[in-house]
Amino acid sequence: MLGLNNKDTKLLIAVAVLTLLAPFILNPFPADSAMAQFNAGYPDLMQRFVIFGIFAIGFNILFGLTGYLSFGHAAFLGIGSYAAVWIFKLFTYNVVPAIALAVIMAGLFSVIIGYVSLRRSGIYFSILTLAFAQMSFALAYSVLSNPKFNLTNGETGLQVYADDIQMFHREGLPDLPHLFGLSMRSTYNLDIGAWSFSFNAGYYLCAIVLMLVFYLSIRIFRSPFGLMLRAIKSNQTRMSYTGLNPRPHTLAAFVISGMYAGLAGGLMAAMDPLAGAERMQWTASGEVVLMTILGGTGTLIGPVLGAGFIKYFENIFSKINDSILHEWFAFLPDGLENFMVFIVHPFVGKGWHLTLGILFMLVVIFLPGGLVEGGQRIAKWIKNRGKAEDSGATTEPAE
Amino acid sequence: MDGLILQILNGLDKGSAYALIALGLTLIFGTLGVVNFAHGALFMIGAFCAVTISKILNISYEVVDPNQTDFLGNPLKVKTPYVESWFGPEMGASIIDWSVPLAILLTIPVMMLIGLIMERGLIKHFYSREHADQILVTFGLAIVLQEIIKYYFGANPIQTPPPEALQGVANIGAAFGMDLPYPIWRIVYFCFSLGIIGAVFAFLQFTTFGMVVRAGMADRETVGLLGINIDRRFTIMFAIAAAVAGLAGVMYAPINPPNYHMGMDFLVLSFVVVVVGGMGSLPGAVLAGFMLGILESFASTTWATTTLPGINQIIIYLVAIIVLLTRPRGLMGRKGVMEE
């Protein structure tokens, strides 16, 4: 279907079903129960899953296929956000031109940055992209927000004010980002028994975009171009000896992944019309690297899984506080309960980053292929265990 | 003229910090071939050693003094640090006053220990893996170290004053008939870092141990074949590099009150410094550190910021990009280091 082989079609359908039914799947617990805090089916969080999924898919096209580790991809996300908010400010709240401009601007910037950075490889490339991203951050944070020429509004972040021009804004259109009149915030709540599910227009826009870009990334992975990119990763020297110039291919990959990042940034602004410089900081770039690695570098579904995993646990872990911990360990004797709370406390709530760092180290050390590899290993182990039991009887006498 | 020299001086203290961190990074890179993204965190831990020492020295007990009363008429509780009761009030007070220089004594063993644990426990297993993996695992480690510090010391910067004798401003140009007011502690920091840099170079140049290490940097395999346990020496070099970063941090605490993310801020710039200086070149790292520090200070003058607004924020990155594109190996980089 759609030029995909059987396996990829199944994967695409699985992703489509998961994203479209996410409001159900992510809300397995009744709204009033104690477990409701583990629900993730509210619009804000689901949008984040999908947007960061898009960002990570794009990053994976560069890092997973060519092996070029960029530490500056958040810059493109930020550029996309700023571009989208400027469309909101100057022209209209309609998200289509905003997202389009976000992608185009990110693409332009990634052509420039990529052209320069890709002249070096390995660690130099990482540091060059890092330098560019930090430069963009510094520019957005302070330089481009002086009173004479206020492009980014500095620390406050760029947002839409009542006295902005908004040329094509008419009466009757919502005063928020909208898709031809359909507000991104409009949410339909469905209550079934104790459960409550919310269907948000913004989320579904993101979900459809995700499916499109996921399809695109499958096509890139399976195309001759994708094969070229893999050749760059495995042996660039040999590739150039066979008469192929790797640089245009890497640049193309860089620009594509930059445009994905811009798309994510544009969507982010479309969900919440605000753009801040902190989105461009290098910790944000580090986060997308984490997502890709955690999910599985170079795999199709990995980055989406990683993004969902990190955003979900970020949300859950940040919510847990001491009283919840005390509830959990209430079954233990008092002294032991306090001890357990004391042990767990640094890792939850504000300590989420500590957990993330440890998790990240563990994944890099023990599971370089990320969650996807972990899943494959478990599947293999289950399969082999069955086999071992079968063959066990026959091989035993040999010992 | 005075202004020119003053700007150079202003660049020196930041330049010294860059140079020290970059020196450690280059040492690790040159010996073990590992790109250590956790080096900034080591710098930060060094700074927090100063905080810890000054906290420990200030641990006090309370005595109710019946002769004094507070404004409500209740007997006043007087806090006396233990140090003062052990060494007498004057001696104790001056020990507390000199807590930052004293912290150096703690920093060296602590940082070397951390370095040893890091190398033996984690980085050892990453020699045979890709540079990307090394970057990622040390990046993860940096996050962990940073968050641990944040958990115990909080997120706010902690003021750590230098000794009273070294506070204030001195006019260092008086002898040459120039007017150059400059904070004393920054002069101390500059001299201190020159001393450390000199010590590291002397250690590598004039001791047998250093000779073997240099030989190992040039050709690890041959040195190993000669029956020398080069791995152990490289481990010790890692510990020394960690100690250099820690020392840079401990003395920097009075200049810039330590907070948990100062390591990351310095790390990015130090990497740029290493790349500009030339990967694997120790003199290059030091030179580039001072050079970029001074450039940054020139870019922060009012003249520069009015002609090109914001130039002070981006000058280092701009220089790095220009250097990498025109001299891809950096200013003093050698051929064959870090090239595919």
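A: Start with the terms. Axes are lines fitted to C-alpha atoms, for helices over the stretch in contact, and angles run from 0 to 180 degrees between N-to-C directions. This is a predicted model. The axes of H15(A) and helix H6 (residues 131-153) of chain B come within 8 Å. They cross at roughly 155°.

Q: Why are H15(A) and H6(B) called roughly antiparallel?
A: Angles over 145 degrees count as roughly antiparallel. The crossing angle of H15(A) and H6(B) is roughly 155°. The two helices are therefore roughly antiparallel to each other. The crossing itself is left-handed.

Q: Which residues make the contact of H15(A) with H6(B)?
A: H15(A) brings residues including A:His353, A:Leu354, A:Phe360 and A:Ile365. Among those from H6(B) are B:Asp133, B:Leu141, B:Glu147 and B:Tyr151.

Q: How do the residues of that contact divide into nonpolar, polar and charged?
A: There are 14 nonpolar, 3 polar and 2 charged residues in the contact of H15(A) with H6(B). Leu, Phe, Ile and Tyr count as nonpolar, Asp and Glu as charged.

Q: What makes up the side of chain A that touches chain B?
A: The whole contact takes 37 residues from chain A and 31 residues from chain B. On chain A, helix H6 (122-143), helix H11 (282-295) and helix H15 (352-366) each supply at least two residues. H6(A) gives the most, with 14 residues. By class, this side has 24 nonpolar, 11 polar and 2 charged residues.

Q: What scores does the model have?
A: Its ipTM is 0.81 and its pTM is 0.86. Chain B averages a pLDDT of 85, and 98% of the residues score at least 70.

Key: Residues numbered from 1 in each chain as written. Chains lettered and ligands numbered in written order. Predicted model: local features only at pLDDT ≥ 70, side-chain atom pairs only at ≥ 80, totals over all residues. Contact = placed C-beta atoms within 7 Å. Helix = DSSP H or I, 4+ residues; strand = E, 2+ residues; numbered from the N terminus. Parallel < 35°, antiparallel > 145°, perpendicular 65-115°, else oblique. Left-handed = near helix turned anticlockwise from the far one by under 90°. pLDDT = per-residue confidence, 0-100.
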